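Work through these exercises with the model open beside you. Each task is followed by a solution in steps.

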Amino acid sequence: MHDARVLIDLGDEAVRLLARRGYQLDLSALEALQSRRNSGIQAGDELRARSKQVAQEVQRTAKQGGDVGELKETARALKEQVQQNEAELEQVQQELTDLLLTIPNLPDDEAPDGFSDADARELRRVGEPPRFDFAPKDHVDLGEAMGILDFGRAAKLSGSRFSVLRGAGAALERAISSLLLDVHTRRHGYVEHAVPYLVNRRTMTGTGQLPKFEEDLFKTGVADRDLFLIPTAEVPLTNLYADEIVPPAELPLALTAYTPCFRSEAGSYGRDTRGLIRMHQFSKVEMVRICAAEQAREQMQLMVSHAEACLQELELAYRVVALAAGDTGFSARLTYDLEVWLPGQETYREISSVSDFGTFQGRRAGIRTRDEKGKPTPAATINGSGLPLARTIAAVLEQHQQADGSVLLPKALHPYLGFARIGADGTPAAE
């Protein structure tokens with residue numbers, strides 16, 4: 001969440017920056033609320049000072065044997081004014097907070113102009129997309145032919161946009177998740193966490209999912225509590241440190257978790273409905289880093305390298321792009337997407353997003369550290385996928401498919417699987 005004073009000080013520059021995201025900032029409305037808040041605080045301070053002064057006059061006059069009736073009446077009136085001021089100030093503060101919660105992060109200058117994936121700027125390509133001497137299949141045709149993917153029975157259980165992995169397919173998901181967690185914890189220094197999959201409204205607000213994206217969330221409840229199924233482990237991992245001051249010596253924090261993710265995908269119907277690309281439920285290994293504000297960009301670049309290492313372990317061709325300002329997530333100021341090559345679609349598709357949030361989430365969630373003078377200050381947060389299992393499986397099946405309908409698996413997975421190939425009939429094979 002923004003500091004209102006910063007936006008007001010930026011003035012027309014804040015309006016310009018947010019316009020790059022397609023957001024129209026009503027600067028006059030923000031200034032009016034901030035002015036009312038400041039005036040209310042000043043008036044409250046003056047009323048409390050006057051109330052204290054009258055209370056002292058009551059005591060002094062009573063000791064001297066004087067008539068305190070009129071003074072007590074003044075004291076009562078001042079008390080009522082203080083209470084009224086506090087109620088009005090609370091209302092103004094809530095209005096200001098509600099407005100600030102709807103304003104997205106300011107985009108970084110590095111983010112190119114534009115509002116769609118077509119406006120992204122390619123930074124680099126890594127690995128050569130495989131070339132086949134046969135017509136490559138997409139992961140749906142491959143997986144269903146091998147019997148390791150079953151979308152029909154998943155639809156019977158839950159409807160569209162769910163999947164069932166069977167036999168070698170289920171083993172493949174388990175192996176990839178173990179490999180990814182080992183890479184992040186043993187090589188990259190992340191601390192693995194097992195976190196709740198249901199979180200409260202305050203937690204969802206801290207990372208920016210609420211209030212703007214409530215329609216995208218699966219919601220449930222217990223008694224009088226609202227609970228939400230997590231759309232990503234970013235939510236619980238980041239909020240582990242909500243309302244805390246993290247000592248500078250402990251930064252940067254590096255956290256990871258393997259969790260299911262639940263997304264309604266509201267507004268996306270008709271897009272990517274085939275296969276494992278856009279699911280209501282999927283599993284993912286997530287990375288989160290919390291650091292001092294001045295470390296954010298360096299930590300983001302480091303996280304990008306960690307996501308790339310996972311793709312390289314799986315021998316997958318991919319590219320890295322900087323998202324356009326208008327296509328960047330609500331809480332992020334800059335996002336790099338890693339896009340993996342899918343031969344079945346003959347295109348690159350997003351498999352990981354790494355985002356620098358600056359202090360935006362730190363302010364919303366109350367995650368702070370201390371500056372060089374020891375003063376509490378908002379911490380910066382970075383998060384990224386490392387990696388989502390469904391899209392990773394799709395890429396492994398498609399890029400490593402063979403002419404006979406089998407899939408030759410990346411060498412890094414062999415120790416986790418105990419086999420090196422999935423036959424055309426779904427049977428695991430040594431070679």
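This is a predicted model: local features need pLDDT of at least 70, side-chain atom pairs count only at pLDDT 80 or more; totals for chains, interfaces and linings use all residues.

**Exercise 1. The second largest pocket**

Solution. Step 1: sort by class.

Step 1: trace the helices. At least two lining residues come from each of H1 (4-10), H3 (27-63), H4 (69-101) and H11 (360-365). Helix H4 contributes the most, with 4 residues.

**Exercise 2. The cavity**

Task: Search the whole structure for cavities of 30 Å³ or more, and state how many there are.

Solution. Step 1: count. The search returns 1 cavity at that cut-off. The volume of the largest cavity is about 30 Å³.

Step 1: list the lining. The residues around the largest cavity are Ile277, Val340, Leu342, Arg349, Glu350 and Arg391.

Step 2: assign strands. Strands E12 (334-342) and E13 (347-356) each provide at least two of the lining residues.

Step 3: classify. The lining of the largest cavity splits into 3 nonpolar and 3 charged residues, with no polar ones.

**Exercise 3. Two helices in contact**

Task: Describe how helix H5 (residues 139-146) packs on helix H12 (residues 389-399).

Solution. Step 1: take the geometry. The H5 and H12 axes lie 9 Å apart, at an angle of about 85°. H5 is therefore roughly perpendicular to H12, since angles of 65 to 115 degrees fall in that class.

Step 1: name the contacts. From H5 come His139, Leu142 and Met146; from H12 come Ala394, Leu397 and Glu398.

Step 2: sort them. The contact of H5 with H12 involves 4 nonpolar residues, 1 polar and 1 charged.

**Exercise 4. Serine 283**

Task: Is serine 283 buried or exposed, and what does serine 283 touch?

Solution. Step 1: locate the residue. Serine 283 sits in strand E10 (residues 281-291).

Step 1: apply the cut-off. The relative accessible area of serine 283 is 16%. Buried means under 20%, so serine 283 is buried.

Step 2: list the neighbours. Leaving out residues up to four places away in sequence, serine 283 touches Glu173, Tyr258, Thr259, Pro260, Pro388, Leu389 and Ala390.

**Exercise 5. Positive phi**

Task: Work out whether arginine 161 is buried or exposed, and do likewise for alanine 223.

Solution. Step 1: examine the arginine. Arginine 161 is not a glycine, yet its phi is positive, near 65°. Arginine 161 lies in the loop between helix H6 (151-158) and strand E3 (164-165). With a relative accessible area of 7%, arginine 161 is buried.

Step 1: examine the alanine. Alanine 223 has a positive phi near 55°. The loop between strands E6 (219-222) and E7 (225-229) holds alanine 223. Its relative accessibility is 85%, so alanine 223 counts as exposed.

Conventions. Residues are numbered from 1 along each chain as its sequence is written. Side-chain values use heavy atoms; hydrogens and water are left out. Axes are lines fitted to C-alpha atoms, for helices over the stretch in contact, and angles run from 0 to 180 degrees between N-to-C directions. Angles under 35 degrees count as roughly parallel, over 145 as roughly antiparallel, 65 to 115 as roughly perpendicular and the rest as oblique. Contact means heavy atoms within 4.5 Å. Ala, Val, Leu, Ile, Met, Phe, Trp, Tyr, Cys and Pro count as nonpolar, Asp, Glu, Lys and Arg as charged, and the others, Gly among them, as polar. On a 1 Å grid over the protein atoms alone, a cavity is a set of points where a 1.4 Å probe fits but cannot get out, and a pocket is an open set with protein on both sides within 12 Å along at least five of seven lines; lining residues have an atom within 4 Å of a point. Grid points are joined across faces, edges and corners, and a volume is the space filled by probe spheres set on the points. Buried means under 20% relative accessible area, exposed over 50%, partly exposed in between (1.4 Å probe, protein chains only).
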